[in-house]
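Subject: Structure handover

Hi there,

Here is the structure I promised to pass on to you. Have a look at it first, and then read on for what turned up in it.

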Amino acid sequence: MKTLAKLLQVLVTVAVSLVLCTGASSDLWSRDALPEYVIKAGYLYHFGQLTEWPQQTEATEFTLCYYGSELAGKALAGLVHKKINGQPINVRYIDDAASAKACRMLFIAETDDLRSKSILRESARLPVLTVTDSPALADQGAVIFLRPEGQKLVFEIDNELAKQAQLTISSRLLRLGK
Amino acid sequence: MAVGWFSDLKIQKKLVLINIVTILFAIMPVVVAMFSYEYFAVRQAVLQEFRVQADIVSDNAAAAMAFNDADTAYEALSTLRAASDMQRATIFLPEGSVLASYGRDNMAANLLPFSALEKRAELLTWDRFQLQVPVFLKDNFVGALVIEAHLSTFYQRIQWYALAIVLAAAASFSLSLWAAIVLKRSITLPLERLMASVNQVTIKQDYSLRPDVNSRDEIGDLSRAFGNMMENLQERDDRLQDLAFYDEVTGLPNRNFFKERIQQVVGSALRYKRRSALMFIDLDDFKQVNDSLGHHVGDDLLHVVGLRLRTLLRNSDLVFRIGGDEFAVIVEHVEDDHVPTMLADKIIQAVSKPCQLRGQTVKVGASIGISFCPDHARDSSGFLKAADTAMYAAKSNVKNTYRVYSDNMEE
């Protein structure tokens with residue numbers, strides 16, 4: 001398991017380097033899906049940094065859950081060595097609404113199936129920062145919606161939903177949202 | 001060399017020069033210290049301002065950098081517009097690409113990072129300051145900000161400060177110089193007065209002049225010492241005058257005095273057409289007294305003769321001892337020829353009266369020759385010669401008599 005993570009990490013690093021060597025963020029999206037998810041993973045990481053969760057005493061790690069595209073999982077694995085608010089990131093795949101309460105952040109990648117909707121609905125009542133990149137879920141209770149705009153990846157933040165979920169999103173992040 | 005040049009200066013200039021040098025030595029370190037302190041303090045303050053601005057911008061731009069948001073990053077950079085010295089700023093992403101760039105006055109060329117992006121670095125030249133600040137979002141390195149600022153505000157501030165210091169230094173310099181010049185007068189003025197009175201003494205040859213300096217300092221002492229010295233000089237001069245013009249035995253004016261006086265008498269006799277008479281008196285038998293009774297008695301006799309002559313004469317008449325036993329009398333303003341002849345008679349009577357000297361009765365006689373000016377001569381030597389001739393005529397005739405010069409006395 002560890003070696004796999006290590007391998008993935010190396011892969012991601014190589015991928016990132018490749019992207020950077022081409023020198024542009026322009027045609028990231030069309031070429032390969034993995035670099036796109038690497039970018040998204042970076043975004044998720046920063047979302048985590050710029051959000052405050054209500055006090056959770058027993059939590060010793062930052063659980064980052066995802067559902068949908070396996071590519072997202074591969075990209076997110078690159079975050080495992082990092083920390084958010086001093087807690088190591090733990091990436092976890094979930095496929096039912098009940099598992100959502102263990103998550104701090106939930107990323108629903110490229111899917112809008114029924115299960116994703118029920119997970120999202122369940123998470124809306126919990127202090128979970130929900131992020132999605134599927135347009136169909138944008139208005140289905142996801143706090144942050146990632147979408148490409150021109151050559152860039154932008155995001156929309158629904159701060160009302162965040163407040164309902166007892167999440168405090170940094171003004172710096174809110175200002176960047178579209 | 002320099003000291004020689006300095007010692008040739010007048011004291012007034014020396015004092016001023018010393019004051020200038022002293023004041024400069026006193027002011028220069030203060031000026032240098034104040035300026036250096038201000039220079040570094042202001043520079044530190046200005047640089048600190050730049051650092052704070054860079055930190056604010058990087059803080060504002062951190063999130064935008066994390067999300068690769070060029071527009072928001074540029075907005076953050078644009079806040080630098082308020083700081084007039086900020087010239088350029090560029091935000092780099094961790095891998096080195098430019099996210100946003102700002103330039104005052106449409107100068108938008110990107111700055112280059114001058115160190116590893118993760119490192120904070122500063123570059124200070126004489127006119128600009130570059131600062132590279134790594135930017136972190138919650139301890140996560142998200143890129144770097146490089147700014148370039150001009151130091152014009154700094155130089156402006158320093159300029160004003162330098163101007164103020166120079167003005168203050170100039171003011172205190174001129175004040176102390178003014179005070180020094182005023183105080184210096186208390187030294188040089190008495191010196192000048194002392195010098196002036198010394199010059200007066202030299203010019204007028206008058207040793208009775210005294211310097212008018214009464215201060216209690218060294219110059220006062222010098223002036224008093226000078227006054228004392230002049231007093232001594234005057235005393236010595238008077239003494240020399242006495243020795244030169246008076247006879248010690250009789251206290252009468254001597255031959256030197258007589259020679260000067262006779263010139264004046266002849267001069268005024270000719271100029272104002274007043275007649276003057278000259279009598280040569282030679283004591284008869286004086287040599288015998290001197291030889292038999294000794295010089296002391298001889299001198300005493302001369303003294304007595306001198307006294308007797310003086311009591312006979314008017315104040316305006318002058319009697320001289322012109323030789324060993326020779327006396328001369330000048331009588332001015334002679335209107336009547338009988339006046340000098342009567343006087344000659346009285347002199348003969350007075351001189352031939354016996355006198356007691358050291359227990360001895362001593363008796364001498366007097367032979368007198370009289371001449372008149374301008375009647376017998378129109379110059380002093382002729383005047384003298386005429387009286388002398390008349391005197392010898394008297395002596396060769398009968399002793400104890402007088403003769404008035406006449407042309408047939410010529411030998």
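A disulfide here is a pair of cysteine sulfur atoms within 2.5 Å. By that rule, the structure holds 1 disulfide over all chains. Please keep in mind as you read that this is a predicted model.

**The disulfide**

The bond joins A:Cys65 to A:Cys103, with an S to S distance of 1.9 Å. What ties does it make along the chain? A:Cys65 sits in strand 2 (residues 62–68) of chain A, while A:Cys103 sits in the loop between strand 4 (87–93) and strand 5 (105–109) of chain A, so the pair ties together parts that are 38 residues apart in sequence. The torsion about the S-S bond of A:Cys65 and A:Cys103 is about -100°, so this disulfide is left-handed.

Are the two cysteines buried or exposed? The cut-off for buried is under 20% relative accessible area. A:Cys65 has 0% relative accessibility, so it counts as buried. A:Cys103, at 3% relative accessibility, counts as buried too. Over in chain B, B:Cys355 counts as buried at 9% relative accessibility, and B:Cys373 counts as buried at 0%.

**Chain A in outline**

Chain A has 7 helices and 9 strands. Of its 178 residues, 47% count as buried. Among the contacts in chain A between residues at least 6 apart in sequence, 62% join residues at least 24 apart. The chain exposes about 8,900 Å², and carbon and sulfur atoms supply 53% of that area.

**The nonpolar cores**

The largest nonpolar core has 72 residues, and the members that touch the most others in it are A:Phe47, A:Phe107, A:Leu129 and A:Phe155. Which element gives this core its largest share? That is helix 2 (residues 11–66) of chain B, with 12 residues. There is also a second, separate core of 32 residues, and its members include B:Leu283, B:Val305, B:Ala344 and B:Ile348.

A:Phe155 is worth a click in your viewer. Leaving out residues up to four places away in sequence, A:Phe155 touches A:Tyr43, A:Phe47, A:Ile144, A:Phe145, A:Leu146, A:Leu173, A:Leu176, A:Gly177, A:Lys178 and B:Phe67. So that list has partners from chain A as well as B:Phe67 from chain B. 

**The cavities**

How many cavities of 30 Å³ or more does the structure hold? There are 2 of them. The largest cavity has a volume of about 70 Å³. Its lining is made up of A:Tyr43, A:Lys152, A:Leu153, A:Val154, A:Phe155, A:Leu176, A:Lys178, B:Phe67, B:Asn68 and B:Asp69. The largest share of that lining, 4 residues, comes from strand 8 (residues 152–157) of chain A.

**Backbone points to check**

Most residues other than glycine have a negative phi, and most peptide bonds are trans. A few places in this model depart from that pattern.

- A cis peptide bond joins B:Cys373 and B:Pro374, with omega about 5°. B:Pro374 is in the loop between strand 11 (365–373) and helix 10 (380–396) of chain B.
- A:Glu110 is not a glycine, yet its phi is positive, at about 50°. A:Glu110 is in the loop between strand 5 and helix 5 (114–124) of chain A, and at 51% relative accessibility A:Glu110 counts as exposed.
- B:Asp139, also a residue other than glycine, has a positive phi near 70°. B:Asp139 is found in the loop between strand 4 (128–137) and strand 5 (140–150) of chain B, and B:Asp139 is exposed, with a relative accessible area of 75%.

**One histidine in chain B**

Finally, a look at B:His150, which lies in strand 5 of chain B. At 25% relative accessibility, B:His150 counts as partly exposed. The C-alpha atoms of B:His150 and B:Met86 are separated by 6.4 Å, although the two residues are 64 apart along the chain. Not counting residues up to four places away in sequence, B:His150 touches B:Phe50, B:Asp85, B:Gln87, B:Asp127 and B:Arg128.

Terms used. Residues numbered from 1 in each chain as written. Chains lettered and ligands numbered in written order. Predicted model: local features only at pLDDT ≥ 70, side-chain atom pairs only at ≥ 80, totals over all residues. Heavy atoms only, no water. Core = buried A, V, L, I, M, F, W, Y, C linked by side-chain atoms within 4.5 Å. Buried < 20%, exposed > 50% of the residue type's maximum accessible area, 1.4 Å probe, protein only. Helix = DSSP H or I, 4+ residues; strand = E, 2+ residues; numbered from the N terminus. Contact = heavy atoms within 4.5 Å. Areas by Shrake-Rupley, 256 points an atom, 1.4 Å probe, with all protein chains shown as cover. 1 Å grid on protein atoms, 1.4 Å probe; cavity = no way out; pocket = protein on both sides within 12 Å on 5 of 7 lines; lining within 4 Å. Points joined across faces, edges and corners; volume = space filled by probe spheres on them.
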